[in-house]
Amino acid sequence: MHTVTYPPPQQPPGPYGPPPPGWYPPPPPPRKSNTGLIVAVVVAALLLIGGVVTVIVLTTRDGTPTASTSRPTANDEHVPTPTRKPTAKPTTAQNTGGEEAVKAVAQAYADAVARKDAAAAKALVCRQRDTGAMYEVFEKEPNPKFVVGKVTMFSQTSATVQMKIEGGSSEGVPHSYIYEGNSWCVEY
């Protein structure tokens, strides 16, 4: 028996005729480089790390004020006088006065806001940078009266106090206080 061999099938000619002999399709396009993506990820990671380090440094450094002013403690019942000497942050052995000391500063600040005494309010704000948010909100309010409420201690050097308008219907707004130098101050 005799076997018949057929030539391999050929592609039908295209609109311009059959491809020339030895013709191959073009190679695939080169792979795109990931260099730009890698650089962007590295830059983003460095920015994130820098931000975290900045936050840590700013929140853990010794924040001694530039002006020398004392703030009321649990035993004080007067407006602060300029006698404060900055000291190191408290250790667990130091006594920050606890809730009573925080409440005394909160009451002194509320009284300063009610009297519209900007100097006394500013003296109670950390680093004496301004009169504080509560003063600015109630500055034009005629005769505001405040109730100093519950003190919540978050740590030995951080607390909030519920500040409420007398006769108001809400439970009050938490107002932040921190222990800085050797006394408590209004954080904002």
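The structure is a predicted model, in which local features need pLDDT of at least 70, side-chain atom pairs count only at pLDDT 80 or more, and totals for chains, interfaces and linings use all residues. Residues are numbered from 1 along each chain as its sequence is written, and side-chain values use heavy atoms, with hydrogens and water left out. The chain has 188 residues, and its secondary structure comes to 4 helices and 4 strands.

**Fold and confidence**

- Along the sequence the elements follow the pattern α-α-α-α-β-β-β-β; helices (H or I, at least four residues) and strands (E, at least two) are DSSP runs, numbered from the N terminus.
- The mean pLDDT of the chain is 74, and 72% of its residues reach 70 or more; pLDDT is the predictor's confidence in each residue, from 0 to 100.
- Over residues 64-93 pLDDT stays under 50, and the model has 70 contacts beyond four places in sequence for this stretch. A contact means heavy atoms within 4.5 Å.

**Burial, surface and contacts**

- Buried residues make up 28% of the chain, where buried means under 20% relative accessible area, exposed over 50%, and partly exposed in between (1.4 Å probe, protein chains only).
- The accessible surface of the chain is about 13,200 Å², and carbon and sulfur atoms hold 62% of that area. Accessible areas come from the Shrake-Rupley method with a 1.4 Å probe; for residues, only the protein chains shown count as cover.
- Of the contacts in the chain with a separation of 6 or more, 50% are between residues 24 or more positions apart.

**The second largest pocket**

- The second largest pocket holds about 230 Å³ of space. On a 1 Å grid over the protein atoms alone, a pocket is an open set of points where a 1.4 Å probe fits, with protein on both sides within 12 Å along at least five of seven lines; lining residues have an atom within 4 Å of a point. Grid points are joined across faces, edges and corners, and the volume is the space filled by probe spheres set on the points.
- Its lining has 15 residues, and Met134, Phe138, Met163, Ile165 and Val173 lie nearest the centre of the pocket.
- The elements that give two or more residues to this lining are α4 (133-138), β2 (158-165) and β3 (173-180). Helix α4 gives the largest share, 4 residues.
- By type, the lining has 10 nonpolar, 4 polar and 1 charged residues. Ala, Val, Leu, Ile, Met, Phe, Trp, Tyr, Cys and Pro count as nonpolar, Asp, Glu, Lys and Arg as charged, and the others, Gly among them, as polar.

**Single residues**

- Thr160 lies in strand β2 and is buried, with a relative accessible area of 13%. Not counting residues up to four places away in sequence, Thr160 touches Lys150, Val151, Thr152, Phe154, Pro174, His175 and Ser176.
- Gln107 is in helix α2 and is partly exposed at 32% relative accessibility. Its C-alpha atom is separated by 8.2 Å from that of Val147, 40 residues apart along the chain.
- Lys116 is in the loop between α2 (98-115) and α3 (118-124). Its phi is near 60°, a positive value in a residue other than glycine, and Lys116 is partly exposed, with a relative accessible area of 31%.
- Arg127 lies in the loop between α3 and α4. Although not a glycine, Arg127 has a positive phi of about 60°, and it is partly exposed at 34% relative accessible area.
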